[in-house]
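Here are my notes on the pockets, the cavity and the ligand site. Have the model open while you go through them.

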Amino acid sequence: MPADAKQRRIRTYYRALFRTWGPQNWWPAESRFEMIVGAYLTQNTAWTNVEKALTNLRAARLLSAQGIRRAPLAELERLIRPAGYFRQKAKRLKIFVALLDRRYGGSLTKLLSRPTNQLREELLHLHGIGPETADSILLYAGNHPVFVVDAYTRRILARHEILPEQAPYEEIRALFERALTPVAQSVAEPGKTGNQQLPASLPGAAHLPSPMSTAKRTALAQVYNEMHGLIVGVGKNYCRKSQARCDECPLQRFLPPSK
Ligand code: SF4
């Protein structure tokens, strides 16, 4: 499929999903630091487990840079245990705060104010941060215009024969960023075209608005934010790994003829 046709397809999917579900209110967090902790904790686990770990940290009054800094490692491990890989994740959170202290005097504002590419490189060099986590932090904590590629994105692209599931991360990111740039203006006022929310009983439904989801950001960052949330909605509710529920999916009419 030619590159411009792929981009048109992505734009069409964005519009179809946004018309159906409206704003998804990502990321569900009260603060930038909470968002970052959530991005670490969500690696290789379901969000419901992350919520339990975040609740524990909040109850222990440790859901802050200062909290992670002063918490003994064993205590941190115990609190985030519900999120899985808790030893690894506790260490990684400590490493993140150590970087924050060493290079930015403990200031998230200073860290997140770095130019996008420099900050991305710095995050990617940190232990335990791959491109998906780095881009999540850039987009959702820093409001940098960077698209987040996850496993759902790959699965949908592959099932719709747009790109193979193993396509390089950067190729997928570039495709979405090029495709969505022209529609950024049209979503500058989120909520205008959304007319329906996912039923609350479904996993992966839209989140309630939070200080992070309603933070001021550019139209471009907003459209990347929405598209990622919409893709998560498709992946969690319809485009499952073991079984695709195409009959009920809003993207069903865009399936290639071979499917
Ligand atoms: S569930 Fe079916 S229609 Fe929906 S995205 Fe997946 S493959 Fe496409």
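1. The ligand's shell splits into eight nonpolar, two polar and two charged residues (Ala, Val, Leu, Ile, Met, Phe, Trp, Tyr, Cys and Pro count as nonpolar, Asp, Glu, Lys and Arg as charged, and the others, Gly among them, as polar). Its members are Arg 159, His 160, Val 234, Tyr 238, Cys 239, Ala 244, Arg 245, Cys 246, Cys 249, Leu 251, Gln 252 and Leu 255, taking a residue as near if one of its heavy atoms lies within 4 Å.

2. Before you go further: this is a predicted model, where local features need pLDDT of at least 70 and side-chain atom pairs count only at pLDDT 80 or more, while totals for chains, interfaces and linings use all residues. Residues are numbered from 1 along each chain as its sequence is written, and side-chain values use heavy atoms, with hydrogens and water left out.

3. Of its 14 lining residues, His 160, Cys 239, Ala 244, Cys 246 and Leu 255 lie nearest the centre.

4. The largest pocket comes to about 920 Å³. It is lined by 30 residues, with Thr 42, Thr 45, Trp 47, Tyr 152 and Lys 236 nearest its centre. By class, that lining has twelve nonpolar, twelve polar and six charged residues. Why does it lie between domain 1 (3-26 + 147-254) and domain 2 (32-141)? Because both domains give residues to its lining; the bounds come from an automatic or database domain assignment.

5. There is one cavity of 30 Å³ or more, and the largest cavity holds about 60 Å³ of space. Ile 10, Tyr 13, Leu 17, Thr 153, Ile 156, Leu 157, Phe 176, Met 227, Ile 231 and Leu 251 line it. That makes nine nonpolar, one polar and no charged residues. Leu 251 is also one of the residues around the ligand.

Methods. 1 Å grid on protein atoms, 1.4 Å probe; cavity = no way out; pocket = protein on both sides within 12 Å on 5 of 7 lines; lining within 4 Å. Points joined across faces, edges and corners; volume = space filled by probe spheres on them.
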